[in-house]
Amino acid sequence: MVITTRFELAAPVEAAWAYLLDVPKIAHCVPGASLTEVINDKTYAGKVEVKLGPIGVSYKGQITIESMDETTHTVAIKAAGNETRGRGGASATMTAQLEPSEQGTRVVMNTDLAVSGVVAQFGRTSIVQEVAQRMAQRFASCVDQELKAAALA
């Protein structure tokens, strides 16, 4: 399933771009996520806990920055993980593009998400999309607040 999320950041594109590419700095902004290892400057290991209605699931896996285009401010990221309990998994390919806006920076993220296991069996597509949108908005709010705090410092 493809999920599109749009949000605004109150910072210039260059500042937002640099901040969003600093995975160790922003990992805590992803709800339920924690970074467990920096493998190299483009690959990271971590875990994430997600609640989809009555179902709670934990994944352990990796994200890799596959490509970055500084001129168009576009980044592509691949993520894959397995359930820590159970046999399911999740994978996603996400592309994000940043562009100037009246508030500072507009971010458009397209995420192609695939899930297997208990989430695929019981999780309705609408619930998965709703949770993904809510997580993206909480992520955006956290990043926005940190960019504002960095500008004041």
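## Aspartate 144 and helix H4

Apart from its neighbours within four places in sequence, aspartate 144 is in contact with Glu8, Leu9 and Ala10. The structure described here is a predicted model. Aspartate 144 belongs to helix H4, and at a relative accessibility of 14% this residue counts as buried, since buried means under 20% relative accessible area.

Helix H4 lies across strand S1, strand S3 (43-52) and strand S7. The helix runs at about 20 degrees to S1. Strand S1 spans residues 2-9.

## The disulfide

A search of the whole structure finds one disulfide. The bond joins cysteine 29 to cysteine 142, with an S to S distance of 2.0 Å. The torsion about the S-S bond of these two cysteines is about -60 degrees, so the disulfide is left-handed.

Cysteine 142 lies in helix H4 (residues 125-152), whereas cysteine 29 lies in the loop between helix H2 (23-26) and strand S2 (33-40); the pair therefore ties together parts that are 113 residues apart in sequence. Cysteine 29 is buried, with a relative accessible area of 3%.

## The sheet

Seven strands form an open sheet in the order S1-S7-S6-S5-S4-S3-S2, with antiparallel pairing. Strands S1 and S2 stand at the edges, and each has a single partner strand, so one side of each is left without a neighbour in the sheet. On average, neighbouring strands are turned by 25 degrees against each other, direction ignored. In general, strands of a sheet pair through backbone hydrogen bonds, either parallel or antiparallel.

Two of the pairings can be described in detail. Strand S6 (residues 89-100) and strand S7 (residues 105-115) run antiparallel and are joined by eleven bridges; the bridge partner of glutamate 99 is arginine 106 in S7. Helix H1 (residues 13-20) packs on the sheet, touching S1, strand S4 (55-69), strand S5 (74-83), S6 and S7. The direction of H1 makes about 160 degrees with that of S6.

At the edge formed by S2, six bridges join S2 to S3, and these strands run antiparallel. A hairpin of two residues connects S2 to S3. Within this pairing, lysine 47 in S3 is the bridge partner of serine 34.

## The cavity

Rolling a probe the size of a water molecule over the atoms shows where empty space is left. A search of the whole structure finds one cavity of 30 Å³ or more. About 1300 Å³ of space lies in the largest cavity.

The lining of the largest cavity comprises 50 residues, of which Val30, Ile63, Ala79, Ala92 and Met135 lie nearest its centre. Strand S3 provides the largest share of this lining, with seven residues. Strand S3 is also one of the strands that H4 lies across.

## Backbone at histidine 73

Most residues other than glycine have a negative phi. Histidine 73 has a phi near 50 degrees, a positive value in a residue other than glycine. Histidine 73 is placed in the loop between S4 and S5. With a relative accessible area of 11%, histidine 73 is buried.

Terms used. Residues are numbered from 1 along each chain as its sequence is written. This is a predicted model: local features need pLDDT of at least 70, side-chain atom pairs count only at pLDDT 80 or more; totals for chains, interfaces and linings use all residues. Side-chain values use heavy atoms; hydrogens and water are left out. A disulfide is a pair of cysteine sulfur atoms within 2.5 Å. Helices (H or I, at least four residues) and strands (E, at least two) are DSSP runs, numbered from the N terminus. Buried means under 20% relative accessible area, exposed over 50%, partly exposed in between (1.4 Å probe, protein chains only). Contact means heavy atoms within 4.5 Å. Two strands pair if DSSP finds at least two bridges between them. Axes are lines fitted to C-alpha atoms, for helices over the stretch in contact, and angles run from 0 to 180 degrees between N-to-C directions. On a 1 Å grid over the protein atoms alone, a cavity is a set of points where a 1.4 Å probe fits but cannot get out, and a pocket is an open set with protein on both sides within 12 Å along at least five of seven lines; lining residues have an atom within 4 Å of a point. Grid points are joined across faces, edges and corners, and a volume is the space filled by probe spheres set on the points.
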